[in-house]
Amino acid sequence: MDLVIVDYKAGNVQSVMFALERLGINATLSCDFETIKSADKVIFPGVGEASSAMAQLKARNLDKLLPTLEQPFFGVCLGMQLLCQHSEEGDTELLGIIPLPVKRFETELKVPHMGWNQLEKLQSPLFAGINEGDYAYYVHSYYVPLSEYTIAQTSYPEPFSAALHYKNFYAAQFHPEKSGPAGSQILKNFLAL
Amino acid sequence: MLTKRIIPCLDIKDGRTVKGIRFENIRDAGDPVELAKWYAEQGADELVFLDITATNEERKTFAELVRDIARHIDIPFTVGGGISAVADVELLLQAGADKVSINSAAIKNPQLVKDLASRFGSQCVTVAIDTKYTEATGWKVYTRAGTVETEWATVDWAKKVVELGAGEILLTSMNNDGTKAGFALDITKAISEAVSVPVIASGGAGNMQHFADAFNKAHADAALAASLFHFRELEIPDLKRFLKEQGVEVRI
């Protein structure tokens, strides 16, 4: 299988590459249009701040390319948020693929939401073999509210979108590459879609 | 529910773990990668690797080790020791570290915290604070491996680094470190209440009740220990079962 990871200098690229390597998959890291377009599947990682990430995407014209992709696509963490419409982080216009907002946690609890939290209301082949209440690793200060595209949720303290599915675009707010065996299973499930 | 994190800390010298003893199930307990994998299997929620001989020459070796760790373990980890510039952090994050911990450099140059947060995001910036209490001074921040007293009252410094963009605080009480008499609950609670970001309690863990107290009484978000785990005086699965019985949310 031809798996491409979108290269726009996102912080967790190496971790995602290593997680795939542990599954025996050698992914190609690329920002080249033809390479990305012809891939069987695309993974879109991301950590950091929304407006700088958007600037990095624009510098490579990836903001034009990514919305046109038709193969199974998987956005991770900030990579999920960037697929949405608008983020309160830096008042940033995002890629606009999934018509959802990204909001900042307004809670008495600690922000960032950092650590292991439970996946609930799983409703996608992405979660095959994952049990309700299994743990995933999170670190984020902004979130996507629940919506018709939510395929899993987590509570902090209110429920938010742990994962999304819209057309060929799948996305996870948690870090499958850092979520132990459950995370590996989710990556495997994406590869099997 | 978000769970409380249990974090073993591994000191690294010349690419090897120090303080470790022989583990039956591990071929080489001095090998940070072997030890890290074992902790991940035991249910550690995160790991911290501190490079305790960080000179310029050795930092390069450390980055290679970080890469090796990232290749083999599937839980998050923080690296620290001798980080003083944005370039140091870039090297370690690119190698696969999830977070970096900075200590003395933040005191010397608080702007570094801000630079790191804006460049890489607050989520990967942990500020380590070494603190010591004396009756004359109250809780003060110490720097340079705890040898130099600073002007900063600990609560003020914690608030300051969070304002600058720190995403987490690793608080070590020098009064408690190595005593096995328990974490410094008062200052941990004070910091946890003063800032909006997660706080890791460190220094003094000697038994399971100490961890329960750090979470239930001092409201820490995570608790760190080194030799207690390395010498297998406490096993993480036992600790987590105990904490659950005490009403602490943990990942089992």
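Predicted model: local features only at pLDDT ≥ 70, side-chain atom pairs only at ≥ 80, totals over all residues.
**Hairpin in chain B**

I started with strands β7 (residues 138-143) and β8 (residues 148-153) of chain B, which pair in the antiparallel sense over 3 bridges. Strands here are DSSP runs of E, at least two residues long, while helices are runs of H or I of at least four residues, both numbered from the N terminus. Two strands pair if DSSP finds at least two bridges between them. I looked up Lys140(B) and found its bridge partner in β8(B) to be Ala153(B). β7(B) and β8(B) make a hairpin with 4 residues between them, and Arg144(B) in that turn has a positive phi of about 50°.

**Ground rules**

Residues are numbered from 1 along each chain as its sequence is written, chains are lettered from A and ligands numbered from 1 in the order written, and side-chain values use heavy atoms, with hydrogens and water left out.

**Largest pocket**

Next I checked the pockets. A pocket is an open set of points on a 1 Å grid over the protein atoms alone, where a 1.4 Å probe fits and protein lies on both sides within 12 Å along at least five of seven lines; lining residues have an atom within 4 Å of a point. Volume is the space filled by probe spheres set on the points, which are joined across faces, edges and corners.

The largest pocket comes out at about 1,200 Å³. Its lining has 44 residues, and Leu50(B), Ile52(B), Asn103(B), Asp130(B) and Ala145(B) are the closest to its centre. Elements giving two or more residues to this lining include β1 (5-13), β6 (125-134) and α9 (227-230) of chain B. α4(B) gives the most, with 4 residues.

Asp11(B) is found in strand β1 of chain B.

**Second pocket**

The second largest pocket has a volume of about 790 Å³. Of its 34 lining residues, I noted Lys9(A), Ala10(A), Gly11(A), Asn12(A) and Phe120(B) as the closest to the centre. Both chains contribute: α1 (13-22), α3 (50-59) and β9 (135-140) of chain A, plus α3 (86-94) and α5 (111-120) of chain B, each supply at least two lining residues.

**Between the chains**

The contact (heavy atoms within 4.5 Å) takes 37 residues from chain B and 28 residues from chain A. The chains bury about 2,500 Å² between them, 52% of it on carbon and sulfur atoms. That is the accessible area (1.4 Å probe) lost on being put together, summed over both parts. Leu2(B), Asp74(B) and Gln123(B) supply 26% of what chain B buries against chain A, more than any other three residues.

**Chain A**

Last, I traced an open sheet of 4 strands in chain A, in the order β6-β5-β7-β10 with mixed pairing. β6 (92-93) and β10 (142-143) of chain A are at the edges with a single partner strand each, so one side of each has no neighbour in the sheet. β5(A) (residues 86-87) runs antiparallel to β6(A), joined by 2 bridges; His86(A) has Glu93(A) as its bridge partner there.

Definitions and conventions
Buried area = accessible area lost by both parts, 1.4 Å probe.
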